[in-house]
Amino acid sequence: MSGLILAFMRSLNTLGRGRAWAFLLAPAGIALVAWALLTIFGLERLTTLFLELPPMNWVASWGWHGLAGFMARVGAWLTLLALAYFLAIALAGAWILPWQLGWLAQAEYPRLTPLGRASLIGSTANSLWAGSLFLCGWLVTLPLWLIPGLGLILPVLWTAWLYRRTFAYEALSTHATREEWAQFRREQGQPLLLIGLALAILSPIPLVGLLAPGFGAFVYGHFALGALARLRAESAESGPTVIDGEAILIDP
């Protein structure tokens, strides 16, 4: 838990660097543009489509056309919102996040040697695969939102999973070997999901939610790079290494 708190504190401290705000605002801009375009060109069509699908068509067949229309409109809004948020996270994960984490590593973990095999193709494939599963899961579980309570829980869980699946991979793709990544994922699986949950809870808050993807990248970056530094320090026989951005000497 201390590692999670330290990652959030270090991320807040990183915002003191001027360039960090460019990375923070870029995903927010993508989300706003995507949401506006999807709303203009897709809201009415999606609402009409939802009216023809259960449970909305069942409600309409019972004579409750107003309720069916309301449910279809809300479902369309939520779907477009999820799609816009997915586009922001996916594009940030594939295009912005590698630059962002590369800058973070150079600025605050300069002695942590990159040993991974990151590539634009790999980042894009990971983001598209995670995003496709996210959207399918969102749509499949959409009728469950009618159950009291699940309408609040399911979006948070799906968004947390998307953060964890996309950002955790990118955070170490440049620096960790396959063995290091496997050990990191095995040992830090729960904290990675908890970071996603914290960011998912922030997502519905106006303005804060738009900044959550950019800020989340810093949190995942600090947590993952710090954990990798500690992992290498523990396995090193001797020589200087880096723990949470500070150089220390490990005696044999």
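Q: Helices (H or I, at least four residues) and strands (E, at least two) are DSSP runs, numbered from the N terminus. With that settled, where is Ala 125 found?
A: Ala 125 sits in helix 5, which covers residues 120-140. Before we go on, this is a predicted model, where local features need pLDDT of at least 70 and side-chain atom pairs count only at pLDDT 80 or more, while totals for chains, interfaces and linings use all residues. Residues are numbered from 1 along each chain as its sequence is written, and side-chain values use heavy atoms, leaving out hydrogens and water.

Q: Okay. Is Ala 125 buried, exposed or partly exposed?
A: Partly exposed, because its relative accessible area is 44%. Buried means under 20% relative accessible area, exposed means over 50%, and partly exposed is in between (1.4 Å probe, protein chains only).

Q: How far is Ala 125 from Ala 90?
A: They are 9.8 Å apart in space, C-alpha to C-alpha, and 35 residues apart in sequence.

Q: Let's zoom out. How many helices and strands does the protein chain have?
A: The count is 9 helices and 2 strands. Along the sequence, the pattern goes α-α-α-α-α-α-α-α-α-β-β.

Q: And what box do the C-alpha atoms fill?
A: Roughly 80 × 35 × 30 Å, taken along the principal axes.

Q: How much of the protein chain counts as buried?
A: 45% of the 252 residues.

Q: What about contacts, how many join residues at least 24 apart?
A: Contact means heavy atoms within 4.5 Å. Taking contacts between residues at least 6 apart in sequence, 79% join residues at least 24 apart.

Q: You named Leu 172. What does Leu 172 touch?
A: Not counting residues up to four places away in sequence, Leu 172 touches Trp 181, Phe 184, Ala 224, Leu 225 and Leu 228.

Q: And Phe 167, which helix is Phe 167 in?
A: Phe 167 is in helix 6. It counts as buried because its relative accessibility is 1%. Its contacts, leaving out residues up to four places away in sequence, include Ile 89, Leu 97 and Tyr 220. Gly 221 is 54 residues away from Phe 167 along the chain, but their C-alpha atoms are separated by 8.3 Å.

Q: How do helix 6 and helix 8 pack?
A: Helix 6 (residues 150-173) and helix 8 (residues 189-202) pack at an angle of about 125°, with axes 8 Å apart. So helix 6 is oblique to helix 8. Axes are lines fitted to C-alpha atoms, for helices over the stretch in contact, and angles run from 0 to 180 degrees between N-to-C directions. Angles under 35 degrees are roughly parallel, over 145 roughly antiparallel, 65 to 115 roughly perpendicular, and the rest oblique.

Q: Which way do they cross, left-handed or right-handed?
A: Right-handed. A crossing is left-handed if the near helix is turned anticlockwise from the far one by less than a right angle, and right-handed if clockwise.

Q: What sort of residues make that contact?
A: The contact of helix 6 with helix 8 has 12 nonpolar, 2 polar and 1 charged. Ala, Val, Leu, Ile, Met, Phe, Trp, Tyr, Cys and Pro count as nonpolar, Asp, Glu, Lys and Arg as charged, and the others, Gly among them, as polar.

Q: Switching to helix 1. How does helix 1 pack with helix 9?
A: Helix 1 and helix 9 (residues 208-235) pack at about 125°, with axes 8 Å apart. That makes helix 1 oblique to helix 9. Thr 14 lies in helix 1 (residues 2-14), and Thr 14 is buried because its relative accessible area is 0%. Phe 218 and His 222 are among the residues that Thr 14 touches, not counting those up to four places away in sequence.

Q: Last one: what is the angle between helix 7 and helix 9?
A: About 110°, with their axes 11 Å apart; helix 7 is residues 178-187. So helix 7 is roughly perpendicular to helix 9.
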